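Biologist: Can you walk me through this one? I'd like to go piece by piece.

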Amino acid sequence: MYKKILIVGLLSALAWYFLSRSDSQPNTIKNNDENTTSTQTLPSKQKEFKSKTTLIDEVKFSEESETAAMICPKYDFALANIRSNKHSFIKLFATNLLLQGYERYEIFSALSYKYDLELARQWFRAVANVNFERSENIDLISEIEKQKYTIDVKRARYSRVNFKRTLTSVALERDDVGYQQAYFEEVERLANESANIAIDLWFKAFMQAAFEEDFYFADLALENFNSYPLVERNLFVQIRFREMKSFLMILKKAQFEFIMKAFQPYFPIYLEDQNLVESYQNKFSRIAAAHNLFVGDDIFAINDTENLPSPSIIAEFEQFESDNPLLNSDTTATQVCELSGQELQASNKTPTKRLTKQNALGTIWQSSYQLTCRFDEIEYKVAHASALLELSYKDVYKRKTLFTEDELMSLKTKIKAAPKDIRPYTYLSLYMYVPEDIKNEYYQQLEEHELFNKDPDFIWFMFSATNDKLEQKKMLNKYSQNLAPYTEDGRSLIFNFLQLRHDGIDFAVELINQSFPFKRDELSPDPLALFLQNIRQYRDREASEFSLNEKSLQLLELLIANSDVNEEHINIMARYEENYEQAFDYLMQRFPLLYPSKPDFIVEFACENPTDLH
């Protein structure tokens, strides 16, 4: 459990720095011989709510507003179900076309052309590894043609149709001699059973072998993958490659280069707009930079070619829409509310305004922007740190022996030489993934040599080293007074424990009672905002109505008593007033100070390409 908590916590919000994008050469992957590492510089009594600052009026927002004039209480929920049902019905029809003999790339092209690219991707992912000859799926297939589209504010039956997928039966984490051979033979057997899933299996076999650093079997899998028609291969790479960011981050340099070169013939990967192109190009350039590599600046591009679907498949979709005329009808607010059994009434929704990264800098919204938009930053930092230490996920997670004296000396030298903004993550890369076979001895060795963070990120070492709460408390008591009070981005021990939700409550309460600091300054990540943002995680699961359990309520009381309520907290409450009424009513009955007045608008954050907030 704690391993999962550790990884989720790390990947959620540990730090938000930026690795600058390196200059690159078109369609190439090159070593950076100049060895340029990215080093971008990156408690009191309860108080009355302060009058609104002028910061909110100085922020430049877009003119967008999602407020409807007339609406009903459950409008957004009902409309979401209507849209979900519609998309599910379209995807079922697309699956039926696949069963009739149309190729996946033809259907994908038609879905993109008639509807949108994301719907096409969702359909592709749903059927990529489905063997439609399996008995479980044959039974579901017979249901497809019986369905008729209707507008429904509840989830329709056809929105819950899920085909059984085909997975390899060889466990992916086995280390037996001959494991790759067994895995390869299993893939070969399944591929021969169903031509529909074969190309997907060979794609995954290639990725699995590359992950295991078995380049011989990776080449064999790639050879099988490349035996399929180019148009099929290209579709698979186009969809799968953009999903590979996190996977590529846990690899070593040789693995990263091997995979990128294998897929180079399929570049560029086409995206919907220039903003996405720049975002994905930036992400992959940063991964390469962590390995001291340059990647081409044309990995991603906008698809500006007119590849129209065939007339025959377009005719199929036109007939489909003719048979289901409600698919093309606009659903009005009146219809939605009538179907929901609710009366149409004047909307009291608060207008929504969008806040960009530039607007957030230096304002009270900087912390909220970080929490909302910077969840993947820790991945890049750990990837960079792992590359500096020349460690991969596999090197730690599947480790069988402790570090030798020479290895320890090498690690310490590399950590000391790491750039200042990367150095804290070199420690994290050593225990982000738990080596189960030698877990206790491994963490004893790290502790003995003080290979852990000396700031509030120490808790990730603590929770990784032991599952025993008493042992965790002993470790915290032993080191807490000698830790730096804040991380580089201003997170405190209290804030970090709140990232662990229920597992951090006792620790957070104890630290508050001991007068540990909450936050470095007004712009730092805010513990009360984090608690409110995750209020669903603290609800009493046994109660029929929303309520907090005793420990969570005690924690919230302490957080409020030691915080200044500001626009950030009010913004969260305003969202709950519209989207989570039970929680809002519960909080207002007990802590009206959290919502002294309705804001003029609710802030939404327009997440952009990550940049340095410092």
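Biologist: What should I know before we start?

Modeller: This is a predicted model, where local features need pLDDT of at least 70, side-chain atom pairs count only at pLDDT 80 or more, and totals for chains, interfaces and linings use all residues. Residues are numbered from 1 along each chain as its sequence is written, and side-chain values use heavy atoms, with hydrogens and water left out.

Biologist: At what angle do α7 and α8 pack?

Modeller: At about 165 degrees, with the axes of α7 (residues 179-193) and α8 (residues 195-211) 7 Å apart. That makes α7 roughly antiparallel to α8. Axes here are lines fitted to C-alpha atoms, for helices over the stretch in contact, and angles run from 0 to 180 degrees between N-to-C directions. Angles under 35 degrees count as roughly parallel, over 145 as roughly antiparallel, 65 to 115 as roughly perpendicular and the rest as oblique. Helices (H or I, at least four residues) and strands (E, at least two) are DSSP runs, numbered from the N terminus.

Biologist: Which residues of α7 and α8 meet?

Modeller: On the α7 side they include Tyr-183, Phe-184 and Val-187, and on the α8 side they include Leu-201, Trp-202 and Ala-205. Contact means heavy atoms within 4.5 Å. By class, the contact of α7 with α8 has 13 nonpolar, two polar and three charged residues. Ala, Val, Leu, Ile, Met, Phe, Trp, Tyr, Cys and Pro count as nonpolar, Asp, Glu, Lys and Arg as charged, and the others, Gly among them, as polar.

Biologist: Switching to α26, which of its residues are buried?

Modeller: In α26 (residues 505-513), Ile-505, Phe-507, Ala-508, Val-509, Leu-511 and Ile-512 are buried. Buried means under 20% relative accessible area, exposed over 50%, and partly exposed in between (1.4 Å probe, protein chains only).

Biologist: What do those buried residues pack against?

Modeller: Against α23 (458-465), α24 (469-479), α25 (493-498) and α28 (550-561). The axes of α26 and α28 are 10 Å apart, at an angle of about 35 degrees. Among the residues making that contact are Ile-505 and Asp-506 of α26 and Lys-551 and Ser-552 of α28.

Biologist: And where is Arg-501?

Modeller: In the loop between α25 and α26. Arg-501 counts as partly exposed, at 26% relative accessibility. Leaving out residues up to four places away in sequence, Arg-501 touches Asn-534, Gln-537 and Tyr-538.

Biologist: Is Val-336 buried or exposed?

Modeller: Buried, with a relative accessible area of 0%. Val-336 sits in α15 (residues 333-339).

Biologist: On to strands: in which sense do β7 and β8 pair?

Modeller: Parallel, over five bridges between β7 (residues 352-356) and β8. Two strands pair if DSSP finds at least two bridges between them. Thr-356 has Ala-606 as its bridge partner in β8, and four of the five residues of β8 (residues 602-606) are buried.
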